[in-house]
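Colleague: Could you take a close look at the surroundings of the ligand and describe them in one connected account?

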Amino acid sequence: MEYPKREGNKTLEGECVAIDDNGKGIVRLNGQTLFVDNLLPSEKAELEVETYKDEISAIKVKRRFNDSPLRVKPLCPYYQECGGCSLMHLSYQGQLEYKRDKVKNLLHKFAKIDFEPSPTLGMASPYRFRNKVQVPIRLVKGQVVSGFFKENTHQIVPLEDCLIETEEAEKILKGIKKLLTKYHIPPYDEDKGRGLIRHILIKESLHFKETMVVLVTSNRDFYGKVNLAKEIVKMFPEVTTVVQNINTRHTNVILGEQEDVLFGSGKIKDSIFNLSFLISSRSFYQTNPLQTEVLYKTALDQAGLTGQEEVLDAYSGTGTIGLCASIKAKKVLGVEIEPSAVRDARLNAKMNKIPNAEFIQADCTTYLLENKEKAHFDVVFMDPPRKGSTPEFLLALKEIKPKKIIYISCNPVTLARDLADLKDTYDLVSVTPVDMFPQTSHVETVVSLKLR
Ligand code: SAH
């Protein structure tokens, strides 16, 4: 294959004036705005700019002339190549302030709302916090490796230790790779469409020391799979269940639809505020368990439930927010689209002996449109995925008129867009960024709204 020819590299000098929404430094030069990795406000640098057909195709810092007082040395040796932790060069305090500013600016930009968010609620120790590891497995020079894909390629870069994942998960991952080598179980090769193990997913419970291993395979049949599962459990007694997920498609989506439980129950149990939750491989569960309690406490405090309220938990996942709220509410209805998450939510209600929470499987918008005439809710929690909610859902909410809406968002852009739809009927009471994703530019936000 012939690659397009480079038109040449230009070297320019510039100063970073701000950090953009993705964690890149913004440099303004000759009427152009450049977005540069690993550059902080007030830092001046020599930049190598590659162009192709008059468009900038890549920018690199060739030399930095000064360091921002907020610059720290990234602890991870893969930091630059991996790109997953795009803010590791910024002090943690700097990260928290950046996230607050980001929410404030996006509310202004997309909702014309000028509101001062509270300081971002951060972690005491912003490393090794994730309870979920998900890595591709490939064969590189005869070795079974896990790692990350180089930007815009299918080329894997082996990664031995990721600093936001737990040490326990890293050990389990290493052990499984050894077993795959020992039993000659081939990793997947997407070019040739051969091989078996595509990904390994590990989910850990912080409170119960239960761990789930999911082997994502390209084929249902694989010889010795139950024995492999037993060996994993023997090696790591904290692994309480092993699941095979089958993904035969040629796709970037990690999990397939079909699953076989190879060992244990196919679920693990975790707890939030003394309630227990069952989690299966496919259902959504917050990935930073220490901050989940901070997030939910913020949401529940803002709701100020007294025991009399009828509550909607929209986009309810495994029912975590609704069940935590049910203790202080008259009744709770959870609506969630993913069937396995709804099954988990119902089990969770039963396991915690919660009689006043019900969960239904539906698209939130369809549900609300079909039920808005008879629906009555005093408080609505809504926690949609990154793409946010829909105009129809928000319009239906304005017709139902709950006294309070607590919007929990993992994407401030869609949050702002949705708040623009609500702001003619609801007033903002508080905006609280919560750091669920340290070292990255992502931010979670709890917004509390009151009916005008
Ligand atoms: N509140 C939960 C889950 C939040 S994640 C928690 O804190 O754990 C968002 C959830 O919305 C996911 O479980 C996803 O399956 C669900 N979802 C996505 N689109 C949906 C839709 N259109 N209707 C209902 N649920 C949806």
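Modeller: The ligand is surrounded by 16 residues, of which Tyr296, Glu336, Asp363, Cys364 and Asp383 are the closest; a residue counts as near if one of its heavy atoms lies within 4 Å of the molecule. This is a predicted model, in which local features need pLDDT of at least 70, side-chain atom pairs count only at pLDDT 80 or more, and totals for chains, interfaces and linings use all residues. Residues are numbered from 1 along each chain as its sequence is written, and side-chain values use heavy atoms, with hydrogens and water left out.

By class, the shell comprises 8 nonpolar, 4 polar and 4 charged residues; here Ala, Val, Leu, Ile, Met, Phe, Trp, Tyr, Cys and Pro count as nonpolar, Asp, Glu, Lys and Arg as charged, and the others, Gly among them, as polar.

Several polar contacts (pairs of N or O atoms within 3.5 Å) can be described. An oxygen atom of the ligand lies 3.3 Å from an N or O atom in the side chain of Thr320. The backbone contributes as well: a polar backbone atom of Tyr315 is 3.1 Å from a nitrogen atom of the ligand, and a backbone N or O atom of Ile337 is 3.2 Å from a ligand nitrogen atom. Of the 570 Å² of accessible area that the ligand has on its own, the protein covers 88%, as computed by the Shrake-Rupley method with a 1.4 Å probe.

Definitions and conventions:
Polar contact = N/O pair within 3.5 Å; in protein donor to acceptor, adjacent residues only side chain to side chain.
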